[in-house]
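Please look through the sequence and the model below before reading on. The report then takes up a few parts of the structure, one after another.

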Amino acid sequence: QVQLVESGGGLVQPGGSLRLSCAASGTALSLYTMAWYRQAPGKERQWVATIGGGGGLSYDGSVKGRFTISRDNAKNTVSLQMTSLKPEDTAVYFCNTRRNAIDYWGKGTLVTVSS
């Protein structure tokens with residue numbers, strides 16, 4: 001089955017940068033849409049960014065201009081480059097894909113933005 005594993009989270013100061021990665025097994029990501037979501041403490045899970053199978057990009061307004069989603073087909077990974085981080089970006093970040101109407105999620109990686 002499809003398995004997704006996020007990595008790259010950690011503690012960063014406001015204004016700093018961090019790069020998250022999502023490694024996939026059991027499926028090739030190149031033909032499918034991938035997305036990043038995040039869930040802040042006490043909040044609902046929020047969509048962050050999407051990269052389509054054809055390379056199209058879309059972002060939530062809260063991260064547009066600061067975050068970049070990308071794909072490395074050779075490594076079968078999807079990344080989220082985060083810059084100009086704010087305390088409100090603090091959350092567990094999840095990657096997601098859908099196969100045959102079933103959503104697959106990683107277990108998440110924690111990003112903490114604090115001075």
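Tyr 37 is partly exposed, with a relative accessible area of 22%, where buried means under 20% relative accessible area, exposed over 50% and partly exposed in between, for a 1.4 Å probe and protein chains only. Trp 105 is also partly exposed, at a relative accessible area of 34%. This is a predicted model, in which local features need pLDDT of at least 70 and side-chain atom pairs count only at pLDDT 80 or more, while totals for chains, interfaces and linings use all residues. Residues are numbered from 1 along each chain as its sequence is written, and side-chain values use heavy atoms, with hydrogens and water left out.

The structure holds 1 aromatic pair, a term for rings of Phe, Tyr and Trp (its six-membered ring) whose centres lie within 6.5 Å, with planes under 30 degrees apart counted as stacked, over 60 as edge-to-face and the rest as tilted. The ring centres of Tyr 37 and Trp 105 are 4.9 Å apart and their planes stand at 65°, so the pair is edge-to-face. It links distant parts of the chain, since Tyr 37 belongs to strand 4 (residues 34-39) and Trp 105 to strand 10 (residues 102-105), 68 residues apart; strands here are DSSP runs of E with at least two residues, numbered from the N terminus.

## Arg 45 over two rings

Arg 45 lies over the face of Trp 105, at 4.6 Å from the ring centre, and over the face of Phe 94, at 3.9 Å from the ring centre. A charge sits over a ring if NZ of Lys or CZ of Arg is within 6 Å of the ring centre and within 35 degrees of the ring normal.

## Strand 9 and its partners

Strand 9 is mostly covered, as 7 of its 9 residues are buried. Strand 4 is joined to strand 9 by 6 bridges, and the two run antiparallel; strands pair if DSSP finds at least two bridges between them. In this pairing Arg 38 stands opposite Tyr 93, while in strand 11 the bridge partner of Tyr 93 is Thr 109.

Strand 9 and strand 10 are paired in the antiparallel sense over 4 bridges, with Asn 96 opposite Trp 105. These two strands form a hairpin with 2 residues between them, and Asn 100 in the turn has a positive phi of about 50°.

## The disulfide

Cys 22 and Cys 95 form a disulfide, with their sulfur atoms 2.0 Å apart, the limit for such a pair of cysteine sulfur atoms being within 2.5 Å. The link joins distant parts of the chain, from Cys 22 in strand 3 to Cys 95 in strand 9, 73 residues apart. Both Cys 22 and Cys 95 are buried.

## The open sheet and the core

In the order 1-3-8-7, 4 strands form an open sheet with antiparallel pairing. Strand 1 (3-7) and strand 7 stand at the edges with a single partner strand each, so one side of each is left without a neighbour in the sheet. Strand 3 and strand 8 pair over 6 bridges, and Cys 22 stands opposite Val 78 in strand 8.

The largest nonpolar core has 27 residues, and those with the most contacts inside it are Trp 36, Leu 80, Met 82 and Tyr 93. Such a core is a set of buried Ala, Val, Leu, Ile, Met, Phe, Trp, Tyr and Cys residues joined through side-chain atoms within 4.5 Å. Strand 3 gives the most to this core, with 4 residues.
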